[in-house]
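Hi,

Here is the structure I promised to pass on to you.

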Amino acid sequence: MADNDSANQTSSAEMVESNQDLLTQILLHFPVKSLLKSKCVSKRWLSLISDPQFAAKISHLNVNLGPSGLYYYGSPFGFLNFDTNHNMLKVPSLSFLNVTGIEILQSCNGLLLLLCSFSSDNDSGFTYCVCNPTTKNFVTVPLPNATANRSIAGINLAFDPSKSTHYKVICVLMNNMQYLNLNEIEHLVSPTYQIEIFSSENKAWTDSGGPFEAPYYTDFEHGVFCNGAIHWLSPTDVSLYFDVETESLKTMAMPRIQTGGPSGYWSSQRFPYFGQCTGCLHLIEVDSISKPRFHILEMKPDHSHWCVKYRVDLNNVASEFPEIARRYMDEFPTLALNNVEEIEVQYYAYSILSVVRGEKDEDVEVVMVIPGKIISHNPRLNTSKLLSSWRASNVYDCMQYKWYNVFHYVESLATL
């Protein structure tokens, strides 16, 4: 009987192996990490999994996949592994680039946009690269058409494998203003900007539209790609987004300040996080570090308005990690007066690294750094857990960390 079962299993395996379409359909349901290991099964599997058409299919199916980990700037940067089975996910090093220095500018659906510096006996400088850290493939991107009169305000990556196997790099150039006599300027003049697009399909930079004005201090350097558009924040009540497919620039409203401060204006303290996960654009709103609650906002798909998606209560976090709740006397004991106000919690020490979502609405984790630790908190279940140690226990250090120094690592077979 055992021999018959073994024979049947062998026959089934041979049938799958000999049927290209059936084998392809089976492999398309494998996680990317398993596919990489499966290349060693046979030359046939290696050829199939390495085929660009197969890579395009698996990338299309895995669009808006949540991250397996986070790159974050440390010394010079570290990696936070989300995989509970740490043996399954090897830290995706970027050493294969073989350059002098690396600055991660953006992550987008499995690809990274990098600024790489190089130095040799004959030459030195920098170049932009797009790489897939999973497959360890990379390509260089020619420098945008910046001149003495046009400087780079920001450069962003746009890659949507559900629509195309090609990526685009979006560069915003600022037309530098030059005046013969500064005393002749009677009022503030807004600079104008120009968008240029590099396509991996035609390998060239082209202008998109004409010059435009932007809301004051628009942060073109830290754009977020979500649902086919690059989004840029501005410290006003209006921000911008650029639809990559139609090459159209549009506005989106920002939440208005309810109490205190100039109407319509915000700061990095009020909005300490702006990012996307699984196709949802998120913005975190914090009234004050002394208040234990904040909101996670989500932009409607039509960009009509922001809505409150999750509510976070830091008192629930403090019950598991009391070091997040601080008193000024903890940092300045010599100035303590030992009154009632000093004994109570006066502020919360944390920075938001990312908002990570799964397939279900309750599968959400707010990843944050607190003194000495990286933790996550699920606002739906009110649970918190330790993810990793942090490089320093200094309160100021953990409170100054910025969201734009954190980048999603998404396993992908996307080709370049």
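Lys163 and Glu245 form a salt bridge in this predicted model, with 3.6 Å between the closest N and O atoms. The two residues come from distant parts of the chain, 82 residues apart: Lys163 is in the loop between strand S7 (150-158) and strand S8 (168-175), and Glu245 is in the loop between strand S13 (238-243) and strand S14 (248-253). Both Lys163 and Glu245 are exposed.

The count of salt bridges comes to eight. Another of them pairs Asp361 with Lys309, where the closest N and O atoms are 3.2 Å apart. Asp361 sits in the loop between strand S21 (351-357) and strand S22 (364-370), while Lys309 belongs to strand S18 (residues 306-313), so this pair ties together parts that are 52 residues apart in sequence. Asp361 counts as partly exposed because its relative accessibility is 28%, between the limits of 20% and 50%. Lys309, at 23% relative accessibility, counts as partly exposed too.

Asp361 also meets the side chain of Arg380 in a salt bridge, at 2.8 Å from N to O. Here the partners are 19 residues apart, with Arg380 in the loop between strand S23 (373-378) and strand S24 (383-389). Arg380 is partly exposed, at 38% relative accessibility. Through shared partners, salt bridges join Glu298, Lys309, Arg357, Asp361 and Arg380 into one network.

Strand S9 (residues 192-199) and S10 run antiparallel and are joined by seven bridges; Thr192 has Glu213 in S10 as its bridge partner.

Which residues have the most contacts inside the largest nonpolar core? They are Phe274, Phe294, Leu314, Tyr350 and Met368, and the core has 36 residues. Among the elements that give two or more residues to this core are strand S15 (273-277), strand S17 (293-299), helix H6 (314-320), S21 and S22; S18, the strand of Lys309, is also one of them. Leaving aside residues up to four places away in sequence, Met368 touches Leu314, Ile324, Tyr350, Ser351, Ile352, Leu353, Lys373, Ile374 and Ile375. Another core, of 31 residues, lies apart from the largest one; Cys108, Val130, Cys171 and Phe225 are among its members.

Finally, two backbone details. Most residues other than glycine have a negative phi. Thr278, however, has a positive phi near 50°. Thr278 lies in the loop between S15 and S16 and is partly exposed, with a relative accessible area of 22%. Asn382 is also not a glycine, and its phi is positive at about 55°. Asn382 is found in the loop between S23 and S24, the loop that holds Arg380, and counts as partly exposed at 42% relative accessibility.

Happy to go through any of this with you.

Best wishes

Technical notes. Residues numbered from 1 in each chain as written. Predicted model: local features only at pLDDT ≥ 70, side-chain atom pairs only at ≥ 80, totals over all residues. Heavy atoms only, no water. Salt bridge = Lys/Arg side-chain N within 4 Å of Asp/Glu carboxyl O. Helix = DSSP H or I, 4+ residues; strand = E, 2+ residues; numbered from the N terminus. Buried < 20%, exposed > 50% of the residue type's maximum accessible area, 1.4 Å probe, protein only. Pairing = 2+ DSSP bridges. Core = buried A, V, L, I, M, F, W, Y, C linked by side-chain atoms within 4.5 Å. Contact = heavy atoms within 4.5 Å.
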